[in-house]
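Thanks for asking me to look over this model with you. Have it open beside these notes as you read.

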Amino acid sequence: MIKNITSDIRYIGVDDLDLDLFESQYVVPEGMSYNSYLVLDDKVAILDTVDARKGEEWLRILEEALGGRKPDYLVVQHMEPDHSGCILALTEKYPDIRIVATAKALVFLNQFFEGKSFNTQAVKEGDTLELGAHTLQFILAAMVHWPEVMVSFDRKDKVLFAADAFGKFGALSKCGYFGEEDDDWACEARRYYFNICGKYGAPVQVLLKKVLPLQPAVIAPLHGPILRKDLGQYLDLYNTWSSYGVETEGVFIACASIHGGTLAVAEHLKEILLAKGCPKVAFSDLTRDDQAEAVEDAFRYGRMVLAASSYDGGLFSPAYNFLHTLQMKSWQKRKVALIENGTWAPAAGKVMKEMFGAMKEVEIVGEPVTIRSRMKESDQAALEALADAILQ
Ligand code: FEO
């Protein structure tokens with residue numbers, strides 16, 4: 001699809017509606033977009049290709065948008081294959097094109113396309129590419145979320161080409177091509193951010209500090225809608241997310257139950273919390289629900305209750321896997337409360353304590369509650385006390 005962003009800048013990305021799992025791990029019920037951009041000036045620059053799954057379609061769109069011209073530059077902001085997948089096909093079609101990228105990206109280029117030779121130009125922080133009226137300024141964004149990443153700023157139209165930053169899951173034919181057409185941007189942008197960039201809060205903070213003084217008028221990410229209205233809302237969310245701040249007041253309950261006993265306790269705790277005035281209680285059944293959404297909610301709220309069954313003398317694997325993922329994502333600065341269940345030798349609580357104990361600034365509050373097989377009337381007082389502790 002071709003969309004005009006400014007008089008000289010085009011969106012030339014593609015939608016992928018048949019993808020089962022993005023990065024072979026994230027469900028994308030609304031598909032995925034691989035964004036690509038074209039700057040038409042005295043010189044012509046493409047900013048990033050797309051996933052090879054959509055290569056033929058993208059090359060057709062590019063040719064139409066070029067209107068008979070030939071591209072001079074391909075700016076490679078990120079070498080992950082969902083953006084670099086068509087570099088070879090592009091350079092075979094336009095052999096004079098020059099690839100502009102960081103030195104690290106050029107190393108990766110040779111790793112992905114071993115034995116191929118390319119016309120390349122390495123750029124570093126602050127370097128520019130003169131296209132005519134437009135000048136692209138390059139800003140390094142190492143570890144957002146790969147080490148070779150850079151973003152690009154068009155000085156004339158103040159468009160920030162943001163690589164994966166400010167991206168979201170979802171095809172643009174479904175959620176709209178521009179941010180103002182997308183009435184629930186944050187939902188899938190948050191799930192995307194925390195699962196893909198969550199570990200890299202500090203580098204995202206560094207990037208924000210570099211791009212904010214530029215006062216972009218448009219943010220053009222490599223996934224999701226082009227943002228051009230009320231940019232403060234997106235920038236504020238990115239600041240909260242990357243500083244591990246609390247976005248929404250409330251409690252997130254995550255539960256991993258084998259036969260339903262632990263699930264019943266967790267659902268009961270939700271009722272207790274709501275009765276005590278908790279403004280919002282989000283809930284995830286880790287055995288059934290999307291884990292990426294559970295990760296998102298763990299970051300969104302400042303307080304979490306984890307209720308889990310014991311298994312094989314340890315922690316039931318859906319809860320173990322969830323905690324392992326939180327460790328990988330550098331989950332931090334949160335309060336947690338624990339509920340374990342076990343029929344003969346409850347062991348989940350010990351493992352949960354150890355795993356949370358290894359995380360940064362994670363405080364276990366209240367007395368962990370141990371359920372024996374099924375919740376009983378005698379457990380009520382301990383659950384009430386746990387609810388008070390997590391709400392304090
Ligand atoms: Fe969209 Fe990190 O690739």
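1. Ground rules. This is a predicted model, in which local features need pLDDT of at least 70 and side-chain atom pairs count only at pLDDT 80 or more, while totals for chains, interfaces and linings use all residues. Residues are numbered from 1 along each chain as its sequence is written, and side-chain values use heavy atoms, with hydrogens and water left out.

2. Two domains. The chain splits into domain 1 (3–242) and domain 2 (248–391); such bounds come from an automatic or database domain assignment. Their C-alpha centres are 38 Å apart. Domain 1 brings 9 residues to the contact and domain 2 brings 10, where contact means heavy atoms within 4.5 Å.

3. The domain interface. About 900 Å² is buried between domain 1 and domain 2, with 54% of that area from carbon and sulfur atoms. (Buried area is the accessible area, with a 1.4 Å probe, that two parts lose on being put together, summed over both.) On the domain 1 side, look at Arg190, Phe194 and Asn195: they supply 54% of the area that domain 1 buries against domain 2, more than any other three residues.

4. H9 against H13. Helices here are DSSP runs of H or I with at least four residues, strands are runs of E with at least two, and both are numbered from the N terminus. H9 (residues 261–275) packs on H13 (residues 380–391) at an angle of about 60°, their axes 10 Å apart. Axes are lines fitted to C-alpha atoms, for helices over the stretch in contact, and angles run from 0 to 180 degrees between N-to-C directions. H9 is therefore oblique to H13; angles under 35 degrees count as roughly parallel, over 145 as roughly antiparallel, 65 to 115 as roughly perpendicular and the rest as oblique.

5. H10 against H11. The axes of H10 (residues 291–300) and H11 (residues 317–328) come within 11 Å and cross at roughly 55°, so H10 is oblique to H11. Gln291, Ala294, Val295 and Ala298 of H10 meet Pro318, Asn321, Phe322, Thr325 and Leu326 of H11.

6. Backbone details. Most residues other than glycine have a negative phi, and most peptide bonds are trans. Asp48, not a glycine, has a positive phi of about 70° and sits in the loop between strand E8 (44–47) and helix H1 (55–66). The peptide bond from Val144 to His145 is cis, with omega near 0°; His145 lies in the loop between strands E13 (135–140) and E14 (150–154).
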